[in-house]
Amino acid sequence: MATGLGEFLRNLRQGLVKADETTRGEAQKGETARAEGARRRRDHDTSSTSLHHEQCKTLSVFEQCGGNRRGNYLERLPSEIILKICSFLDASSLFNISFVNKRFHDLANSNALWSVLYASEFEKKKWRPQVRIMTEAVSSTSVEEKPAGYWKKLLLKEMAGYKDTLWKTELRHMNPHTGMPALTEQVLRRLHIQWEITLTKKNGRESVHKQSHIFFEDSSVTVLWSRGVWPYMSSLEGLQLHGIMCPALSGPGDKPRWRSLIHKTSLTRSIPWSYLGADKLVKLLNLNKGIIVGVWRGNWKIAFIMANLHFHKLIERSLLGSRFCPYIPTGGTAADPDCGRHGYTLHIVLHNPVRRIMCQHFSPLYTSRVPFQEDYVQLIAINFADVPEHKPVAKISLPWQAEGVQGDVERCCMMTLTVLDEAQRPFWCVSSPVKMSNKFRAVDLEYEGEQFIIVYEDVEGKVKMTFVWMEMLQQYFLVQLSTAFPAAKVKRHFGGES
């Protein structure tokens, strides 16, 4: 009995010890798991706190600059930092940002910025004798003593004058045959001057079309616009022709180009336009100032636009105007007010966008009164009776090309007319499309053939040409050429009373 009781107690003790060891092992495992979980939570909290701290640091910069994430933090920057950023800009960019707001206008006109640009501009022209003196003046004189915008005005005036001097010097040499600057085409190409058409619809939307083809004559340039999507004639309200100076190499970051208004016209039905001619595909409409609009027959959708620009003051008109106001030249008076009846020179060219049709030069010519029109004087270059002076003329037509198709409108072309006074100054310059009309055979000539006339008239003068078509020779003969202009224009040109 005692042995059995002792065995029982021993087994009970061993069981209790084993249970205690199991409990302690499980407790140690739980504690280890709890410690591992606590460590993981601690690491997670640390990373979250660090991320939140970084976000707070990032937001604090925006909060310091803009107050909130939606504010314009750039405007909240200190003026010193904005001036430092502006110091890396060129004159054109600095001029543009001055229109952002009042603060940027004041900062962009800072003398500290423009004085540096002014000094660097003079470094490009060290050959000029006054450069050394002006550079010393910039460095020795306190910049801020000058009124606001002083160095800006000085630099822009210097840059404009320097560029004007370059091309104006090249335009001093005149072509004795045409009376126009001899290097006009070269200057236009060197300055990368192009022309754009801006069409305004009745709903206010505008579309800009770049030139697709140009053709130079000795005293004019013909420009063609035929690319792009064109609207219907009935949807348009106005047309503007601008001259622009394009960069030599275009890129994605090109700045806005300066536009100089050359011509502006209305395209509404209230403003009449004349019918010039047609072929099987297009009709040609003649607007004023030498502009042709070609429309597709049937739907009156524009196919192309063509313009003939005279060389007289063309570069000035293409550069020195603004987007809304054209360049207005300043006229001078002749030294001799009595030379209005002396020798004139007349230069006339008939051409189209691809070839010359006729070019004639007449000098000297003398004025005479127009019969039954005492307020007009005329210049007769070719007379009916002077048969040896009659000129042969090639076929007169106006070829065109648009949207992969092409055509040729007969009996119309471009006319470029230049009348020079005795001092070889431009007296009357015309570039316009003209058309031939059938004429009743009222004059008996030695030629047997159908007669045609070309008549051009504006407020400055009139031009009349008479042609005879020689069927056997398949060419025209110019048998009459005369111009007429108001006597008041002669007096005004030579400084007399109008």
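**Figure 1. Asn-286 stands opposite Ile-292 in strand E9.** Strand E8 (residues 282-287) and strand E9 (residues 291-296) run antiparallel and are joined by 6 bridges. Strands here are DSSP runs of E with at least two residues, helices are DSSP runs of H or I with at least four residues, and both are numbered from the N terminus. The model is predicted: local features need pLDDT of at least 70, side-chain atom pairs count only at pLDDT 80 or more, and totals for chains, interfaces and linings use all residues. Residues are numbered from 1 along each chain as its sequence is written, and side-chain values use heavy atoms, with hydrogens and water left out.

**Figure 2. An open sheet of 6 strands has the order E3-E4-E10-E9-E8-E7.** The pairing in this sheet is antiparallel; two strands pair if DSSP finds at least two bridges between them. At the edges are strand E3 (213-216) and strand E7 (274-278), each of which pairs on one side only. From one strand to the next, the twist averages 20°. The axes are lines fitted to C-alpha atoms, for helices over the stretch in contact, and angles run from 0 to 180 degrees between N-to-C directions. Strands of a sheet pair through backbone hydrogen bonds, either parallel or antiparallel.

**Figure 3. Another open sheet holds 4 strands in the order E12-E11-E18-E19.** Its pairing is antiparallel. The edge strands, strand E12 (356-365) and strand E19 (426-435), each pair on one side only. On average, neighbouring strands of this sheet are turned by 10° against each other, direction ignored.

**Figure 4. Met-415 stands opposite Ser-432 in strand E19.** Strand E18 (residues 412-420) runs antiparallel to E19, and 9 bridges join the two.

**Figure 5. Leu-74, Ile-81 and Ile-85 make a nonpolar surface patch of about 240 Å².** Patches are made of residues with over 30% relative accessible area and no salt bridge; like charges are joined within 9 Å, and nonpolar side chains (Val, Leu, Ile, Met, Phe, Trp, Tyr) within 5 Å. A salt bridge is a side-chain nitrogen of Lys or Arg within 4 Å of a carboxyl oxygen of Asp or Glu. Accessible areas come from the Shrake-Rupley method with a 1.4 Å probe, and for residues only the protein chains shown count as cover. Ile-85 lies in helix H2 (residues 79-86). This residue, Ile-85, counts as partly exposed because its relative accessibility is 46%; buried means under 20% relative accessible area, exposed over 50%, and partly exposed in between (1.4 Å probe, protein chains only).
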